[in-house]
Amino acid sequence: MSDFLPGLEGVPATKSAISFIDGEKGILSYRGYPLETLATNSTFEETTLLLLDGELPTKAALNRFSKQLRSSYRIKYHIREMMRHFPHTGHPMDMLQTAVCSLGMFYPGTECLTDADSCKDIDYVRNMTVNIIAQMAPLVAMWEHMRQGYDPINPRDDLSVAENLLYMFTGKEPDSLMARIMDVCLILHAEHTLNASTFAALVAGSTLASPYSVISAAIGTLSGPLHGGANQRVVGMLQEIGSPENVEAWVDKKLANKEVIWGMGHREYKVKDPRATILHKLVTKLVEERGGSLDKMFATAMKLEEVCVDRLGHKGVYPNVDFYSGILYSEMGIPEDQFTALFAVARSAGWLAHWREQISNNRIYRPTQIYVGHEQREYIPMSERKKAPKQ
């Protein structure tokens, strides 16, 4: 009998050229380019095209891709009307999963993916990719207004993905600092090797399901509290702690009770998550520029990091990407329950890059199991069955 590894931990499930992690050294790269380099020099659009095509684009190719994205921001009337009937108390991730899956019914072409040959239709694959990436952010921003009973703000095709996302949330064109911070956040969340949601996308894609169904499966997986959503809990945690002087006692109590400290630790990294390092610098810059109420939360976060590293660093537990991203999103005016939806907006780039890689040399996923149930048993007629014992 084969060894059983819960959660398939450490079991290779695919070969990929998209991203790389060295958890011991704190390295994350996209297509061979260090994340720090991309966060400093690139944009979400350029990084997305790099993930999709494997190379940094020429200026002409990037302009063409950006134009295609911007021309696809608008959401069809029928999708908007469907969203109006969603319960206003519904979680943004439930909305996003439902809306993205439904896109396949309103945009022609999804029926083309019926065999291995259709997977090689470059125009089909590119059109589906552009449409999904372009419409994720507008769907999230539209829902913020619609769930409050207001009409959504129309997208602007003169703005980048990051700029348009903030504009549709607030109704105001963001300043250059906020727009750049959002752009970097999208880059940092765009890809992260074979995590749970990406694996869900690969499994769905291997059946030749439509890309809308593939991304819907990934969104549903990301919505689970063990995958997405920790940044929302980090903000609540920092508010609960209140101030830096409360940190040590709070941490010691959590550790004594064996409770989770949100934003700390990652299965892949044994040092500080490189994304957390970049976000830490962004928050520092924002504090220097804005200060105000951000100071107290950031000071509490830094003290929490210091104490946690002191108590848990020997176990390889350090801040992950969620530790500082929630602080940034809060300062941008993004509601806490929308944080994971923003994660999904960015990760759509990585999901679709993996989808394209999967279908280019496809084989349907069909893992096996270790059966631990009964051997063959005789069927017992109802009249002869004993009463089940009380539990």
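**View 1. Helix α8 packs against helix α16 in this predicted model.** Here you're looking at α8, which covers residues 176-189, and α16, which covers residues 339-360. An angle from 65 to 115 degrees counts as roughly perpendicular, so that's the label for α8 and α16. As for handedness, α8 goes past α16 in a right-handed crossing.

**View 2. Zooming in on the residues where α8 and α16 touch.** On the α8 side, look for M182, L186 and H189. Across from them, α16 brings in L342, F343, V345, A346 and R347. Sort the residues of this contact by class and you get 6 nonpolar, 1 polar and 1 charged.

**View 3. Helix α7 packs against α8.** This time the partner of α8 is α7, made of residues 161-170. The two axes are 8 Å apart, and the angle between them is about 115 degrees. The pair α7 and α8 is therefore roughly perpendicular. The crossing of these two helices is right-handed.

**View 4. A closer look at the contact between α7 and α8.** From α7 come V161, A162, E163, L165 and L166. They meet M178, A179, M182, D183 and L186 of α8. By class, that's 8 nonpolar and 2 charged residues, with no polar ones.

Methods
Residues are numbered from 1 along each chain as its sequence is written. This is a predicted model: local features need pLDDT of at least 70, side-chain atom pairs count only at pLDDT 80 or more; totals for chains, interfaces and linings use all residues. Side-chain values use heavy atoms; hydrogens and water are left out. Axes are lines fitted to C-alpha atoms, for helices over the stretch in contact, and angles run from 0 to 180 degrees between N-to-C directions. Helices (H or I, at least four residues) and strands (E, at least two) are DSSP runs, numbered from the N terminus. Angles under 35 degrees count as roughly parallel, over 145 as roughly antiparallel, 65 to 115 as roughly perpendicular and the rest as oblique. A crossing is left-handed if the near helix is turned anticlockwise from the far one by less than a right angle, and right-handed if clockwise. Contact means heavy atoms within 4.5 Å. Ala, Val, Leu, Ile, Met, Phe, Trp, Tyr, Cys and Pro count as nonpolar, Asp, Glu, Lys and Arg as charged, and the others, Gly among them, as polar.
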